[in-house]
Amino acid sequence: MLPRQQPFYTRLAYILISLVIVIYGMYILRDLLIPLTFSGIIALLLVPVSQFLEKYGCPRWLAITVAILLTLGFMTLFFYIIYTQIMDLEEVLPQLSEKAEKWYRDFQFMIRDNFHISRTKQRIEGQKYLTEFLKNNSDLITNTLSTTTGLLGNLTLIPLYVFLLLLYRDFIRVFFYKALKPVSNHRVDVVLKKVKDVVVNYVVGLIIVIGIIGILNTLGLLILGIEHAFFFGFFAAILVLIPYIGVAIGSLLPIIFALITKDSAWYALGVAALFGGVQFLEGNFITPYVVGSKVSINSMAAIIALIIFGNLWGLSGLVLALPITAIIKVIFDSIEGLRPYGFLIGDADHVDVRKRRG
């Protein structure tokens with residue numbers, strides 16, 4: 001006698017309850033899962049380096065240590081370059097202070113002339129509202145600072161996590177063999193390889209996009225005559241890590257810089273137009289062509305993933321949303337019962353509904 005299949009609504013209820021439990025667990029365990037997820041991505045990127053060194057007789061622990069040290073050295077150099085560029089902006093600070101005072105005075109005069117409120121009363125009211133704001137939001141500020149401090153502390157564990165993940169990668173593979181016992185080892189290997197490939201391809205594609213956007217931004221700023229064009233251009237390009245809004249956020253700094261250092265506001269408008277054009281190219285052509293072809297996620301699924309992970313994990317969630325969604329799609333595509341969901345979040349640009357029907 002065949003087992004009775006559960007009604008559709010019962011299965012749907014199980015799925016929704018499981019989804020709520022998973023999402024709640026992701027939020028509660030975010031301090032653990034965020035650095036662990038970053039570590040997993042970095043470990044996948046460093047597997048070829050470790051394997052290359054092991055191939056020439058280097059012990060695994062030493063090969064992993066060398067790979068991690070090379071990565072840390074590269075990141076240290078990267079942040080040092082950013083630090084030196086920021087220090088070069090010190091010369092602008094007096095101009096910034098002078099401009100800020102001028103804008104503040106002009107704003108006070110505008111309020112006085114249009115609303116007949118004296119500058120003294122404006123200053124008193126401003127101090128009162130600022131005090132009330134700080135008083136009402138003190139708990140929020142304290143919680144934000146404590147959360148940020150805790151997250152930064154957990155991020156320091158990433159090198160250790162990466163080392164252990166690489167050291168025990170064969171052990172972890174055997175775990176998947178045992179956990180997915182009804183599935184053949186070969187099929188498990190295929191899925192794991194697809195997961196690794198999608199992560200590596202996504203990161204490589206993202207680096208290419210950052211390079212293209214950085215060059216476009218820098219050339220545009222140089223044409224406009226904005227100083228420190230290289231720093232501003234690539235700083236905004238790095239924010240492509242935050243999909244859809246990264247370049248727009250990165251444009252704020254050069255716009256403010258143009259307002260401070262240039263006599264005409266047209267320079268700031270030119271910078272805004274430049275970054276708006278680059279944002280359009282990045283969102284509609286560059287990223288979909290370079291990265292989109294590697295992760296095969298449609299725009300609607302990507303936006304929903306960004307909202308969900310952004311609310312769960314904040315800024316880290318925005319950065320991790322697309323690679324995690326790409327990994328989920330690979331897993332869904334590999335399981336018969338979940339393939340419709342993998343199709344749902346996949347690339348929908350070239351789907352022929354008539355061929356898919358049935």
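A crossing of two helices is called left-handed if the near helix is turned anticlockwise from the far one by less than a right angle, and right-handed if clockwise. In this predicted model, local features need pLDDT of at least 70 and side-chain atom pairs count only at pLDDT 80 or more, while totals for chains, interfaces and linings use all residues. Residues are numbered from 1 along each chain as its sequence is written, and side-chain values use heavy atoms, with hydrogens and water left out.

Helices here are DSSP runs (H or I, at least four residues), numbered from the N terminus. The crossing of α3 and α7 is right-handed. On the α7 side, Pro159, Val162, Phe163, Leu166 and Leu167 meet Arg60, Trp61, Ile64, Thr65 and Ile68 of α3, a contact being heavy atoms within 4.5 Å.

Now for the nonpolar cores, meaning sets of buried (under 20% relative accessible area, 1.4 Å probe, protein chains only) Ala, Val, Leu, Ile, Met, Phe, Trp, Tyr and Cys residues joined through side-chain atoms within 4.5 Å. The largest has 51 residues, and Ile213, Leu221 and Trp313 have the most contacts inside it. Helix α14 gives the most to this core, with 13 residues. Apart from it sits another core of nine residues, including Val47, Ile64, Ile68 and Leu166.

Over in helix α13 is Gln279, buried at a relative accessible area of 17%. Setting aside neighbours within four places in sequence, Gln279 is in contact with Tyr244, Ile245, Val247 and Ala248. Ile213, not counting residues up to four places away, touches Val247 as well as Glu282, among others.

Conventions:
Helix = DSSP H or I, 4+ residues; strand = E, 2+ residues; numbered from the N terminus. Buried < 20%, exposed > 50% of the residue type's maximum accessible area, 1.4 Å probe, protein only.
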